[in-house]
Amino acid sequence: MKNAMAKWSDVPYKLWLLLILGVPMAALVAFSSLLVSEKNNVLHEMESLDNASHFIMQASDLVQELQRERGYTSGYIASKGGKFQAELWQQRASTDTKYLQTAADLAKLGDDETQRKMKHDFGMGFEELKRLKETREAASALAISYQDSLDYYSKVNSLLLEPIIYMSQMSMDREISSNYLAYYYLQQVKEKAGRQRAVLTYAFTEGSFPAGQYEKFLGYVADEKYSRRLFLSLATPDIREKYQAEMADKWVQEADRMRGVAVDKGIVGKFDIDAEYWYNLQTRKINTMDNIGDFFDRKITD
């Protein structure tokens, strides 16, 4: 029968070979395209993370400058302008330099969804920084209360630190995400230590806590311990070991001893501790934590 179904033997050899090899080849091409697409996505993520990481480190450095300025401002106000004047003026210049660098880096962030969100979130902190000039002028003229000054700087720092937590959501790599989260809590440890520096600089200058500040101080101490616990639970073993080794510094221990005096004598006052000595040692403690932050930076970006 001429109309019988065609057999494989009736199919020309070249067409038969095309059918046999064509389907696997098409699948291979599709799979290769998928691999290239995934690789491009990974490269895009790495580039986005690198840009965001660089900016976060800059923003963290700006926060550190603002933390120092907050502490000097507290001592200046407490002493009615009699102490910390030269240090405060010099620190303001350092803060301004870092602000200009960070603002320039903020403008360089890319246009992908993540970096646009970072621009928006960090932009809130920069918007609040527009009040820095008037806050400084009021502090210089002793026309602002210690509490209002402390609250302003602390608000700015919180706005600049909070977006860091979003970095933990940017990467599909669990270790990278965990590192960013640990870095966020390390920055919170530093911020709470910075608030303690400002509060005790005032208290040691005055010889007592202002009304209601002792309780706030105890809250900062508790917050630092809580953030440190979270940081250590998320940090990799090498970072934990470095942190514990760095914090064994005898001057860090001396800063903690003075803080203990404030905890024990907070109600009665009469601390008999030099405010400048405290400021310098607590600053050394915070700078030690900043060394851990630099270690983080190298670990995340390498």
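Trainee: How many helices and strands does the protein have?
Mentor: In this predicted model, the protein has 10 helices and 0 strands. Read from the N terminus on, the elements run α-α-α-α-α-α-α-α-α-α.

Trainee: What share of the residues count as buried?
Mentor: The protein has 302 residues, and 46% of them count as buried.

Trainee: And what about contacts between residues 24 or more positions apart?
Mentor: Such pairs account for 79% of the contacts with a separation of 6 or more.

Trainee: Which residues of α2 are buried?
Mentor: They are Leu88, Gln91, Arg92, Thr95, Lys98, Thr102, Asp105 and Leu106. As background, an α-helix has 3.6 residues a turn, so residues three or four places apart point the same way.

Trainee: Where does leucine 88 lie, and what is it in contact with?
Mentor: Leucine 88 lies in helix α2. Its relative accessible area is 0%; because buried means under 20%, leucine 88 is buried. Leaving aside neighbours within four places in sequence, leucine 88 is in contact with Glu69, Tyr72, Thr73 and Tyr76. Serine 74 is 14 residues from leucine 88 in sequence, and their C-alpha atoms are 9.8 Å apart in space.

Trainee: What lies over the face of tryptophan 89?
Mentor: Arginine 92 does, at 4.8 Å from the ring centre.

Trainee: Changing topic: how many aromatic pairs are there in the whole structure?
Mentor: A search finds 15 aromatic pairs. In one of them, tyrosine 99 and phenylalanine 126 have ring centres 5.5 Å apart and planes at 35°, so this pair is tilted.

Trainee: Which parts does that pair tie together?
Mentor: Tyrosine 99 lies in helix α2 (residues 85–107) and phenylalanine 126 lies in helix α3 (residues 113–128), so the pair ties together parts that are 27 residues apart in sequence.

Trainee: Are those two residues buried or partly exposed?
Mentor: Tyrosine 99 is partly exposed, with a relative accessible area of 30%. Phenylalanine 126 is buried, with a relative accessible area of 9%.

Trainee: What sort of pair do phenylalanine 231 and tyrosine 243 form?
Mentor: Their pair is edge-to-face, with 5.2 Å centre to centre and 70° between the planes. Phenylalanine 231 is in helix α7 (residues 213–234) and tyrosine 243 in helix α8 (residues 237–246), so the pair ties together parts 12 residues apart in sequence. Phenylalanine 231 is buried, with a relative accessible area of 0%. Tyrosine 243 also counts as buried, at 5% relative accessibility.

Trainee: What else is phenylalanine 231 in contact with?
Mentor: Leaving aside neighbours within four places in sequence, phenylalanine 231 is in contact with Ala182, Tyr185, Leu186, Ile239, Tyr243, Ile292 and Phe296.

Trainee: Which residues of the largest nonpolar core touch the most other members?
Mentor: Of the 40 residues in this core, they are Phe55, Met118, Phe122, Leu129, Leu160, Phe231 and Phe296. At least two residues of the core come from each of α1 (13–78), α3, α5 (146–161), α6 (174–206), α8 and α10 (275–301).

Trainee: What does the second core include?
Mentor: That separate core has 32 residues, including Tyr76, Phe209, Tyr214 and Phe217. An aromatic cluster is formed by Phe204, Phe209, Tyr214, Phe217, Phe271 and Trp278.

Trainee: Now threonine 283: which helix is its place in?
Mentor: Threonine 283 is in helix α10. This residue is buried, with a relative accessible area of 12%.

Trainee: Which side chain does it make a polar contact with?
Mentor: The side chain of threonine 283 makes a polar contact with the side chain of arginine 197 (2.9 Å). Leaving aside neighbours within four places in sequence, threonine 283 is in contact with Arg68 and Arg197.

Trainee: Last one: what is at the start of α9?
Mentor: There, a side-chain oxygen of aspartate 249 reaches to within 2.6 Å of the backbone nitrogen of tryptophan 251. The buried residues in α9 include Val252, Glu254 and Ala255. At 1.5 Å a residue, the 16 residues of helix α9 (residues 250–265) should span 22 Å, and the end C-alpha atoms are 23 Å apart, which agrees.

Definitions and conventions: Residues numbered from 1 in each chain as written. Predicted model: local features only at pLDDT ≥ 70, side-chain atom pairs only at ≥ 80, totals over all residues. Heavy atoms only, no water. Helix = DSSP H or I, 4+ residues; strand = E, 2+ residues; numbered from the N terminus. Expected span 1.5 Å × (residues − 1). Buried < 20%, exposed > 50% of the residue type's maximum accessible area, 1.4 Å probe, protein only. Polar contact = N/O pair within 3.5 Å; in protein donor to acceptor, adjacent residues only side chain to side chain. Phe/Tyr/Trp six-rings, centres within 6.5 Å; stacked < 30°, edge-to-face > 60°. Lys NZ or Arg CZ within 6 Å of the ring centre and 35° of its normal. Core = buried A, V, L, I, M, F, W, Y, C linked by side-chain atoms within 4.5 Å. Contact = heavy atoms within 4.5 Å.
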